[in-house]
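Subject: Handover of a model

Dear colleague,

I am passing the structure below on to you, and after it I set out what was found in it. Please read the notes with the coordinates open beside them.

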Amino acid sequence: MFTIEHEFDATVVTLIDEGPAPLTEDVTINVFASQVTIEQLDPRTDQVQKITLSLSQLKDIEAALDLPEGSYQIKKTTA
């Protein structure tokens with residue numbers, strides 16, 4: 001399950017773990033104009049862990065989901 005909210009400066013997607021236990025904490029993805037942050041509460045420390053990705057890194061993740069293992073570099077094409 002997930003939710004989508006449109007804030008003033010970001011789109012916020014929250015991923016909610018469902019199914020049999022053990023369940024993990026919700027994951028919150030904040031999409032800004034120049035970066036994406038991914039946050040999740042660490043129940044061991046009771047602190048939110050945050051990862052910040054550039055939009056280029058996000059595009060690399062998107063491409064990686066459809067490729068076999070290996071090393072890749074995405075090159076921009078000019079029109």
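Arg44 counts as exposed, because its relative accessibility of 76% lies over the 50% that the term requires. This is a predicted model, and in it the side chain of Arg44 meets that of Asp42 in a salt bridge, with 3.2 Å from N to O. Asp42, by contrast, counts as buried, because its relative accessibility is 11% and the cut-off for that class is under 20%. The pair therefore brings together an exposed residue, Arg44, and a buried one, Asp42.

Lys50 is exposed, because its relative accessible area is 54%, whereas Glu39 is only partly exposed, because its own value is 23%.

The two strands that carry this pair, β4 and β5, are themselves paired in the antiparallel sense over eight bridges. Within that pairing, Val36 has Leu53 of β5 as its bridge partner. Helix α1, which covers residues 55-64, packs on the sheet and touches both β4 and β5, and its direction makes about 90° with that of β5.

Is Asp46 buried or exposed? Asp46 counts as exposed, because its relative accessibility is 60%.

Turning to the other end of the sheet, strand β1 (residues 2-6) pairs with strand β2 (residues 11-15) in the antiparallel sense, over five bridges. These two strands form a hairpin, with four residues between them. Thr3 has Thr14 in β2 as its bridge partner.

Thr14, placed in strand β2, is buried, because its relative accessible area of 13% is under the 20% limit. Leaving aside residues up to four places away in sequence, Thr14 touches Met1, Phe2 and Thr3, and also Asp26, Val27 and Thr28.

Strand β2 is also joined to strand β3 (residues 27-31), again by five bridges and with the two strands running antiparallel.

Taken together, the strands make an open sheet of five, in the order β1-β2-β3-β4-β5 and with antiparallel pairing. The edge strands are β1 and β5, each of which pairs on one side only. From one strand to the next, the twist averages 15°. In a regular strand, as a general rule, the side chains alternate between the two faces of the sheet.

For the chain as a whole, the secondary structure comes to one helix and five strands, and from the N terminus on the elements run β-β-β-β-β-α. The chain has a radius of gyration of 16 Å, while a compact globule of 79 residues would have one near 12 Å. Along the principal axes, the C-alpha trace spans about 45 × 35 × 25 Å.

How much of the chain counts as buried? Of its 79 residues, 13% do. The accessible surface comes to about 6800 Å², and carbon and sulfur atoms account for 55% of that area. Among contacts in the chain with a separation of 6 or more, those between residues 24 or more positions apart account for 0%.

Conventions
Residues are numbered from 1 along each chain as its sequence is written. This is a predicted model: local features need pLDDT of at least 70, side-chain atom pairs count only at pLDDT 80 or more; totals for chains, interfaces and linings use all residues. Side-chain values use heavy atoms; hydrogens and water are left out. Two strands pair if DSSP finds at least two bridges between them. Buried means under 20% relative accessible area, exposed over 50%, partly exposed in between (1.4 Å probe, protein chains only). Axes are lines fitted to C-alpha atoms, for helices over the stretch in contact, and angles run from 0 to 180 degrees between N-to-C directions. Contact means heavy atoms within 4.5 Å. The radius of gyration is taken over C-alpha atoms; the globule rule is 2.2 Å times the number of residues to the power 0.38. Accessible areas come from the Shrake-Rupley method with a 1.4 Å probe; for residues, only the protein chains shown count as cover. A salt bridge is a side-chain nitrogen of Lys or Arg within 4 Å of a carboxyl oxygen of Asp or Glu.
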